[in-house]
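Hello,

Here is the structure we talked about handing over. Please look through it first; my notes follow below.

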Amino acid sequence: MQLTLSHFVALLPLLVVGATAIAVMLGIAWRRCHQLSFIISTVGLNLALLSIIPALNAAPTAVTPLLQVDNFSLFYTALILVSTLACLTLTHAYMGKTEQAGFPGNREELYLLMLLSATGGIVLVSTQHLAGLFIGLELMSVPLYGMVGYAFFNRHSLEAAIKYMVLSATGSAFLLFGMALLYGETGSLVFSVIGQNAVTDLTRMGIGLMLVGLAFKLSLVPFHLWTPDVYQGAPAPVGAFLATASKVGVFAVLVRLLELSPATAEGWLNTLLTLIAIASILVGNLLALLQNNLKRLLSYSSIAHFGYLLVALIASNGMGMEAISVYLTAYVLTSLGAFGVVTLVSTPFKERDADALYDYRGLFWRRPYLTAVLTVMMLSLAGIPLTAGFIGKFYILATGVDAKLWWLMGAMVLGSAIGVFYYLRVMITLFLREPGMHHHDAPTGWGQQAGGIMLMLVAALTLILGLYPQPLLDLVQHTGLAGL
Amino acid sequence: MILPWLILIPFVGGLLCWFTERFDKNLPRWIALISVSLLLLLSLWLWATGNYQLAPTPSTGIAWTLEFKQPWIERFGISVHLALDGLSMLMIVLTGLLGVLSVFCSWKEIQHRVGFFHLNLLWILGGVVGVFLAIDLFLFFFFWEMMLVPMYFLIALWGHSGSAGNSRISAATKFFIFTQASGLIMLLSILGLVFVNYQATGVLTFDYATLLKAKLPEGVDYVLMLGFFVAFAVKMPVVPVHSWLPDAHTQAPTAGSVDLAGILLKTAAYGLMRFAIPLFPEASAEFAPIAMTLALIGVFYGAFVAFAQTDMKRLIAYSSVSHMGFVLIGIYSGNIQALQGAVVLMVAHGLSASALFILSGQLYERLHTRDMREMGGLWARLPWLPAISLFFAAASLGLPGTGNFVGEFLVLMGTFATAPWVIVIGTFGLVVGSVYSLIMIHRAYFGPARSEEPLPGLNCRELSMVLLLAVLLILLGVYPQPVLDASAATMNGVQQWLGIALNQLVR
């Protein structure tokens, strides 16, 4: 196939991020400078965000059989870029100013890994081909192993990295086996061709195995066991990346696969997904009740949230796609906010992140604005009106009622009621005053730092979207998949 | 344009309270007082000037005294649609009045985080006013859920620490989860209604007037009505789902209890009359016997359990369960007198229960206990307060000359025409009511005194609050006509909806 200029324009976001990664790498090879690496990465990501505008004009277009650039992929590219940008800002704050009062090892490579992982995410959201899916997924996951274990001198971080690597590789093996079966049966790797003629048992098995692999990455029940340990062990900004950019990428590709491939149109898959969704909602919420560690709590709550997202996927009517986009946007904002607060409270890097719930007792008395941000995030996660989370939840409930998924609706109501309990617990902890409190301060003047400003923006956006969601809803109505 | 201001004033006032806390501790109190007074004055002005003959009825169509509409989320046909009729006006006046009182009664009680406290207090009021005005179902749900958060903070942060295992935080959480979960069930019902209408007409809208015309299949309307009823039953509270109420009341600060008993419980009754019955008249008519049975159980259960309490606030809380049972009977009677009585009873209960909570708060400030076993013989030690308490206890048991009597009498008389047996049984509830009311007075104020030391009397602020409530309650008892006139048109509509359906059911 001939590549023309318009193809390159359509690929511009991917190319810019890739180029930025190379620039950061060369920069590190030439001279280590924390500030410089940060600036290059930020500028590169902002350029990539800008380059989405020309790419929109070129879309929809298929660039090589592997990639399909359309409004859908560009929307999720933007989401990934924004969350990577936010994670970079958090990382910069987290590393601290000097080696004595901050991260003791090399700092610059974390930016490089994050950029590489984001590149993988962009490939993932644009792919329409099983080979592209695998390349994207591995390009996203392999840097994540390094990122999770970045503080390798810390036992928890190292343990989390190894756990994540082993389980992730297992997931990939399932995925590959599934792909092999699909290829063997249908002779094609293109999403829309798989299962076009007849859907046989081998195709079903292939799809099922692929689902297992993807469910590993999305940490859906019963493939969720790695999640809490990895979230807890990973450095806080990496946790933010893991919860946002990487999940968005995998979910987007799952949506595209299920919507495009005729092999997934059968009823059994919906039954399977329904079971997974109900299990994720209930198990995620119930286990979150028992946590005393904020990172672990967030990890279990993310399991539940992806259960909610599956509801929209199962409904898969016209509104379902919109609901997924809205919910993912709200979820990304909220997770960034919550992990951002954890990061800033743990800033600068110390032996242990401030992730135990008692670190947050009475935070209101020390960091009122940070507390306000976390409060908004908890309310948004719980889906209380005035926050973006409510709009997302409302959208999913509307989709579910429209598709008459009563069992899932029941699970959602139950899950939300349980969820409120632990979100409120976190929220009230922030306001409790205790004599002789454990002191754990974010550096003074955090509001002036980039991370603080970013958090305020995220909180403001969460509230604005909760109060006036119409612009976002207009936007997501145009993010349909090409060729559907 | 005045309607959005009724909602905005408390919200903006609340934010101002929060921001001005750093300058002066008393500034938030004054700002809060000014905001709620403004709300009260505006609503009284509306009462004086509005034409309350206009209300939605099935025969004359949808009419409102005042209306405001602004598109909001066009994707779902959601708009900021506010409207006022006699019923909502009465409820907003009550909200404004009790708002002023709750600012006054926390003047001395709340001493830390004053700004944040008033932020929460005003946001509750703003949310409640929103509930009373919203006639877009999404907007209604929005306010319904939103007012939970400030109430949660109010109980969890400024509440009284209770006994072990029954802390203010667990009470607040219980309140939140009960209302949130039931609210979500209501949201599912709202969505169900909207999509049934969408599939029939092709119009996606949450507008009240349009949905009133929706044709619902047999059976579906019953399920949807149940979804609404569950949410309102939890808030009201109806007996099997009432257990959050005594905990929340007991642990809440005085202002929180006043708002809870005075206004928040009324949102449920309002919701039944505004939404559940007009939207699903046939299903409501079918459900009426069950609702009345539940109400009767509530009347007696509330009264008996109230009798057994030793904690004064818990006793008053359970008495609310009993009183709201009468309101529920009135609502489902389908008789105009009973419906009017339910409105009067709502207002009267708002006044009398608030007064009792304020009094028990004042008592707590002096004795630092709410346990009636620790009291006794207070009549001699304390001027004014015991006598006023006696008055409100008498009002609460339905003494003629108070608003409660008018309300209960109208409910009983009106319902007798349609459901005589319910009334025959329900009347005994009044007897039990007088028993727990008087036993509260007896335990707290009579009997042997614990000590002879006199307690500090009521100051001007405390005295004027309760005297104002007493005067209003007598006025309502002697001359209830203004209230009855204001709500007449709205109640006429509710009566027509339910009455027609009930008649069809009999045939």
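In strand S2 (residues 78-84) of chain B, six of the seven residues are buried, so the strand is largely enclosed by the rest of the structure. Please keep in mind that this is a predicted model. Strand S1 (residues 66-73) of chain B runs antiparallel to S2(B), and seven bridges join them. One of the pairings is that of B:Phe68, whose bridge partner in S2(B) is B:Leu82. As for B:Phe76, its ring has the charged end of B:Arg75 sitting over it, 5.6 Å from the ring centre.

**Aromatic pairs**

Over all chains, the structure holds 61 aromatic pairs. One of them is B:Phe132 with B:Tyr270: the ring centres are 5.0 Å apart and the planes stand at 80 degrees, so the pair is edge-to-face. This pair links distant parts of the chain, with B:Phe132 in helix H4 (residues 114-133) of chain B and B:Tyr270 in helix H11 (residues 254-279) of chain B, 138 residues apart. B:Phe132 is buried, at a relative accessible area of 0%, and B:Tyr270 also counts as buried, at 0%.

B:Tyr152 and B:Phe153 form another pair; their ring centres are 5.9 Å apart and their planes are at 65 degrees, so this one is edge-to-face. B:Tyr152 is buried, with a relative accessible area of 0%, and B:Phe153 counts as buried at 5%. Both belong to a cluster linked by ring pairs, whose members are A:Phe364, A:Phe431, B:Trp18, B:Phe19, B:Phe116, B:Phe117, B:Tyr152, B:Phe153, B:Trp158 and B:Phe176.

**Nonpolar patch on chain B**

A nonpolar patch on the surface is formed by B:Phe307, B:Phe416, B:Trp421, B:Val424, B:Ile425, B:Phe428, B:Val431 and B:Val435. Together these residues have about 800 Å² of accessible area. Which helix gives the most to the patch? It is helix H18 (residues 420-445) of chain B, with six residues. B:Val431 is found in H18 of chain B and is partly exposed, with a relative accessible area of 49%. Another patch member, B:Phe307, has B:Arg443 lying over its face, at 5.6 Å from the ring centre.

**Backbone points to check**

- The peptide bond from A:Val221 to A:Pro222 is cis, with omega near 10 degrees. A:Pro222 is in the loop between helix H8 (201-218) and helix H9 (227-233) of chain A.
- A:Ser219 has its place in the loop between H8 and H9 of chain A. Its phi is positive, about 50 degrees, although it is not a glycine, and A:Ser219 is buried at a relative accessible area of 0%.
- B:Met236 and B:Pro237 are joined by a cis peptide bond, with omega about -10 degrees. B:Pro237 is in the loop between helix H9 (220-235) and helix H10 (244-251) of chain B.
- A:Leu386, a residue other than glycine, has a positive phi near 85 degrees. A:Leu386 is in the loop between helix H15 (368-382) and helix H16 (388-402) of chain A, and counts as buried at 18% relative accessibility.

**Salt bridges**

A search of the whole structure finds 16 salt bridges over all chains. Among them is the one between A:Glu109 and A:Arg32, at 2.6 Å from N to O. It links distant parts of the chain: A:Glu109 is in helix H5 (residues 108-126) of chain A and A:Arg32 in the loop between helix H1 (5-30) and helix H2 (34-50) of chain A, 77 residues apart. A:Glu109 counts as partly exposed at 23% relative accessibility, and A:Arg32 counts as partly exposed at 38%.

A:Lys295 and A:Asp355 meet in a salt bridge of 4.0 Å, N to O. A:Lys295 lies in helix H12 (residues 294-315) of chain A and A:Asp355 in the loop between helix H13 (318-345) and helix H14 (363-366) of chain A, so the pair ties together parts that are 60 residues apart in sequence. A:Lys295 is buried at 1% relative accessible area, and A:Asp355 counts as buried at 6%.

Regards

Definitions and conventions: Residues are numbered from 1 along each chain as its sequence is written. Chains are lettered from A and ligands numbered from 1 in the order in which they are written. This is a predicted model: local features need pLDDT of at least 70, side-chain atom pairs count only at pLDDT 80 or more; totals for chains, interfaces and linings use all residues. Side-chain values use heavy atoms; hydrogens and water are left out. Rings of Phe, Tyr and Trp (its six-membered ring) pair if their centres lie within 6.5 Å; planes under 30 degrees apart count as stacked, over 60 as edge-to-face and the rest as tilted. Helices (H or I, at least four residues) and strands (E, at least two) are DSSP runs, numbered from the N terminus. Buried means under 20% relative accessible area, exposed over 50%, partly exposed in between (1.4 Å probe, protein chains only). A charge sits over a ring if NZ of Lys or CZ of Arg is within 6 Å of the ring centre and within 35 degrees of the ring normal. Patches are made of residues with over 30% relative accessible area and no salt bridge: like charges are joined within 9 Å, nonpolar side chains (Val, Leu, Ile, Met, Phe, Trp, Tyr) within 5 Å. Accessible areas come from the Shrake-Rupley method with a 1.4 Å probe; for residues, only the protein chains shown count as cover. A salt bridge is a side-chain nitrogen of Lys or Arg within 4 Å of a carboxyl oxygen of Asp or Glu. Two strands pair if DSSP finds at least two bridges between them.
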